[in-house]
Amino acid sequence: IEDTTGAVRLPFLTKAGSGTGSDESLATTTSSSSKQTPLQEYADSDPTDTSISTAGTMDLAERDIVGELLQKPTVEPPYEFSIRTIPAAESALMPEVHKLFFDYQCSVHNDPHPLRESPQDQDLDWGDLSADFRKEASSMLQRLYGQTLSPERQHGVACAFSSFCRFLVESPLPTRIDGQAALDKTGSGGRVGGTFHQHYRIAGQLVAVGVVDVLQGGLSSVYVFYSPEWSRHIPLGKLAVLKEIEYTSETLQLPYYYLGYYIESCGKMRYKADFMPSQLLCPATYEWVDYSEAHATLLRESPERHCCKLFGGVSEEDEAERQRVIEGMALDVGAGNGTLVTLSMLQDQGQALIRPHVEEYVQQAGHVMSQRSVIRLV
């Protein structure tokens, strides 16, 4: 079991996007170089309806790729690239959204595809979603699948859809946050807050959805799902992060962009460190620490478990507590009948042999976990 180190946030100390480690890798889709591509300039006028009209040229190979992906070979460039921010409950009732989610989960996470495979036996659970939403959702599903799927398959799709909604639609956040003037510039008549879906479209086709929470002090990136086919040609995940940073800084004019938990040993999480400047939240003191400093501490103090105090160093009180935990560590030496001992109950030779292992465990597991554990000596 590995604890998460803490949340990641990006303070806007530099112009949005200018300090990320992903700009170069995205050059083929976001730069305005001499060889322009379908995704070029992002002009933001309304936070709930943003679009990009491109005027670049494409070579024949690029046209073939985009035309094939669009399944509209007659559509000629320039292609319109748009991002529209929609309340999550409204977005979820658009059929193409849950279909894209099902495709992504199946392709990327190997989840069963509810539209292609027999459903697993499960109960329909709408969580805390409103009765009005459930009614509209049920009507949509009946309209889409009532004439083409068996009752059993319809139930499976409904269960998968309700799971999607509990995951990425249901939210404890209010729909509006009053008294915040920073967002009045958007023309919304007050600060809009809550959970939203950002629809990314190319020539009208939905290619990605970014799920975000608009908070009082920043924007929190919740999840991104996208077309597996398009992602082979455009890094849609990284593009979504860059656009969310831009949206936070320039449109919402909020100071922080939150990327969520960072887990050092999880390769899929490490991309979060590519966007700079960034900070990690210390799980012990709840202070934000510069990523470079926090990461060095993490590797030095907890190289295996990657969970430790990141801020403030080790005080005399911390060291005293560590020694207390080491001395009180429960040890199973194989005496039988569930008998446990501590270091002080061992002979000097036994203490010298066992102490380094106990110290290592306490360092890696932390004080709280160590006091709940038993080290079995074999």
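Q: What makes two rings a pair?
A: Rings of Phe, Tyr and Trp (its six-membered ring) pair if their centres lie within 6.5 Å. In this model, which is predicted, there are 15 aromatic pairs.

Q: Why is the pair of Phe-164 and Phe-225 called edge-to-face?
A: The ring centres of Phe-164 and Phe-225 are 6.2 Å apart, and the limit for a pair is 6.5 Å. Their planes stand at 90 degrees, and angles over 60 count as edge-to-face. The pair is therefore edge-to-face.

Q: What makes this a pair that links distant parts of the chain?
A: Phe-164 sits in helix α6 (residues 151-168) and Phe-225 in strand β8 (residues 218-226), with the two being 61 residues apart. If you look for them in the structure, note that both Phe-164 and Phe-225 are buried.

Q: Why is the pair of Tyr-258 and Trp-288 called tilted?
A: Here the centres are 6.0 Å apart and the planes are at 55 degrees. Stacked needs planes under 30 degrees apart and edge-to-face needs over 60, with the rest counted as tilted. The angle of 55 degrees falls in that remaining range, so the pair of Tyr-258 and Trp-288 is tilted. Tyr-258 belongs to strand β9 (residues 256-262) and Trp-288 to strand β11 (residues 288-290), 30 residues apart.

Q: How do you know whether Trp-288 is buried, exposed or in between?
A: The relative accessible area of Trp-288 is 24%. Buried would need a value under 20% and exposed a value over 50%, so Trp-288 is partly exposed.

Q: Which residues do ring pairs link into a cluster?
A: The cluster holds Phe-101, Phe-102, Tyr-104, Trp-126, Phe-133, Phe-161, Phe-164, Phe-167, Tyr-223, Phe-225 and Tyr-226.

Q: Why is the contact of Arg-201 and Glu-96 called a salt bridge?
A: The side chains of Arg-201 and Glu-96 meet at 2.5 Å, N to O, and the rule asks for a distance within 4 Å. The contact therefore counts as a salt bridge. By this rule the structure has seven salt bridges.

Q: Why is α8 said to be largely enclosed by the rest of the structure?
A: Of the 16 residues of α8, 12 are buried, so the helix is largely enclosed. The buried ones include Leu-236, Val-241, Lys-243, Glu-244 and Tyr-247.

Q: What makes the phi of Gln-253 worth a look?
A: Gln-253 has a positive phi of about 55 degrees although it is not a glycine. The residue comes just after α8, in the loop between α8 (236-251) and β9. Ala-203, in the loop between β6 (194-202) and β7 (205-214), also has a positive phi, near 50 degrees.

Q: How do you know that Asp-121 is exposed?
A: The relative accessible area of Asp-121 is 82%, and exposed means over 50%. Asp-121 is in the loop between α4 (95-109) and α5 (131-145). Together with Asp-123, Asp-125, Asp-128 and Glu-152, Asp-121 gathers in a patch of negative charge on the surface.

Terms used
Residues are numbered from 1 along each chain as its sequence is written. This is a predicted model: local features need pLDDT of at least 70, side-chain atom pairs count only at pLDDT 80 or more; totals for chains, interfaces and linings use all residues. Side-chain values use heavy atoms; hydrogens and water are left out. Helices (H or I, at least four residues) and strands (E, at least two) are DSSP runs, numbered from the N terminus. Buried means under 20% relative accessible area, exposed over 50%, partly exposed in between (1.4 Å probe, protein chains only). Patches are made of residues with over 30% relative accessible area and no salt bridge: like charges are joined within 9 Å, nonpolar side chains (Val, Leu, Ile, Met, Phe, Trp, Tyr) within 5 Å. Accessible areas come from the Shrake-Rupley method with a 1.4 Å probe; for residues, only the protein chains shown count as cover. Lys and Arg count as positive and Asp and Glu as negative; His and the chain ends are not counted. The place of a charge is taken as NZ of Lys, CZ of Arg, CG of Asp or CD of Glu.
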